[in-house]
Amino acid sequence: MSSPSATMAVWSSAWLSGAAAADDVLDALQGWAELHEVVASDESSATSLELPERGTAGAGPATLLASLRRAGVDGARLVMPVPGDVRGLGGPSPFATEALRAGEAVVLDGLGLVPERVGRVDTGIMRWTVFEIDQLPPVPNVPLGEAEHELTGAMRVAAGMLIELGVAKQRAGVREELQARIADRTKGSWPTGMPQRALRVIQRAAEVAAILELAMEDEPGGALSASATLKRAEALRPLFHAVRTARCAAVADAVRTLSDHADRV
């Protein structure tokens, strides 16, 4: 899989444009958690969006879709901020703070959605907090072909990193472990009409992310020195950037294609 926000951005856009049914959106979200709850960030947003306020029992994702329809939004954008790269968030705000903490968010016209897993990974709830936000400045569009090219190079470098870092020597069965991670990261459903190149980039990004996660982990029972850990993180940082760029570009391409399809219908 890519990320909860990527899934939400693509599927909610497909639903808003008439390219997917609400039940399809809800089924796709279950790939991240069986239960999802939606809350508004504050009392004012709760009133205007007709959502429960944070701190109270959340509503289901179907209620979120209804709120998006009432708000008149017509598409979504994925943002994946990290410290030092907060493009797409605008200036300081509660939304920007929580999106940075989560490392991802969905931006719609005047709304921002931030996911947070609550409880255990296998039994927890995915909570979506909805913020009313100012219109954010556009983020420079990275062409999908350029993002794919960068990602392909990153995949070769990441694979080489596993060898250079000696991961295969440190962990028995690392090849099988990597294959299992990739299989898990690339499963999931996407709307009918999803552009194939965007889908390919999303899946490739998930593969690279799985490799990077493995490369970032220490040998079980062992520990790298602080300098070695820093060196490894510095070496892998451009590869993580390539993954984020590719995911955002692929989601943008998918949203644009699905919206164009709705305009032609």
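A: Begin with secondary structure: helices (H or I, at least four residues) and strands (E, at least two) are DSSP runs, numbered from the N terminus. By this rule A46 has its place in helix α3, residues 43-49. The model is a predicted one, in which local features need pLDDT of at least 70, side-chain atom pairs count only at pLDDT 80 or more, and totals for chains, interfaces and linings use all residues. Residues are numbered from 1 along each chain as its sequence is written, and side-chain values use heavy atoms, with hydrogens and water left out.

Q: How many helices and strands are in the chain?
A: The chain has ten helices and five strands.

Q: Is A46 buried or exposed?
A: Buried means under 20% relative accessible area, exposed over 50%, and partly exposed in between, with a 1.4 Å probe and protein chains only. A46 has 11% relative accessibility, so it counts as buried. Of the 265 residues of the chain, 46% are buried.

Q: Which residues is A46 in contact with?
A: Contact means heavy atoms within 4.5 Å. Leaving aside neighbours within four places in sequence, A46 is in contact with A40, L51, P52 and E53. A separate reading is the C-alpha distance: A46 and V130 are 84 residues apart along the chain, and their C-alpha atoms are separated by 8.7 Å. For the chain, among contacts between residues at least 6 apart in sequence, 66% join residues at least 24 apart.

Q: Which residues of the largest nonpolar core touch the most other members?
A: In soluble globular proteins, nonpolar side chains tend to be buried together. A nonpolar core is a set of buried Ala, Val, Leu, Ile, Met, Phe, Trp, Tyr and Cys residues joined through side-chain atoms within 4.5 Å. The largest one here has 59 residues, of which L68, V106, L108, L113, W128 and V130 touch the most other members. Helix α10 gives the most to this core, with eleven residues. Apart from it lies another core of eleven residues, including L89, F131, I133 and L136.

Q: What does V130 touch?
A: Not counting residues up to four places away in sequence, V130 touches V38, V39, A40, S41, L49, L51, L64, L111, G112 and L113.

Q: How many residues of α1 are buried?
A: For α1, 13 of its 13 residues are buried, and the helix is mostly covered. Its length can be checked too: the expected span of a helix is 1.5 Å times one less than its number of residues. For the 13 residues of α1 (residues 4-16) this gives 18 Å, and the end C-alpha atoms are 18 Å apart, which agrees. After α1 comes G18, with a positive phi near 85°.

Q: How are charged residues read?
A: Check burial and contacts for each. E148, in helix α6 (residues 144-164), has a relative accessible area of 15%, so it is buried. Beyond four places in sequence, E148 touches R197, R200 and V201. R244 lies in helix α10 (residues 226-264) and is buried, with a relative accessible area of 15%. Its contacts, leaving aside neighbours within four places in sequence, are M80, V82 and D85.

Q: Where does D134 lie?
A: D134 is in the loop between β5 (125-132) and α6. With a relative accessible area of 64%, D134 is exposed.
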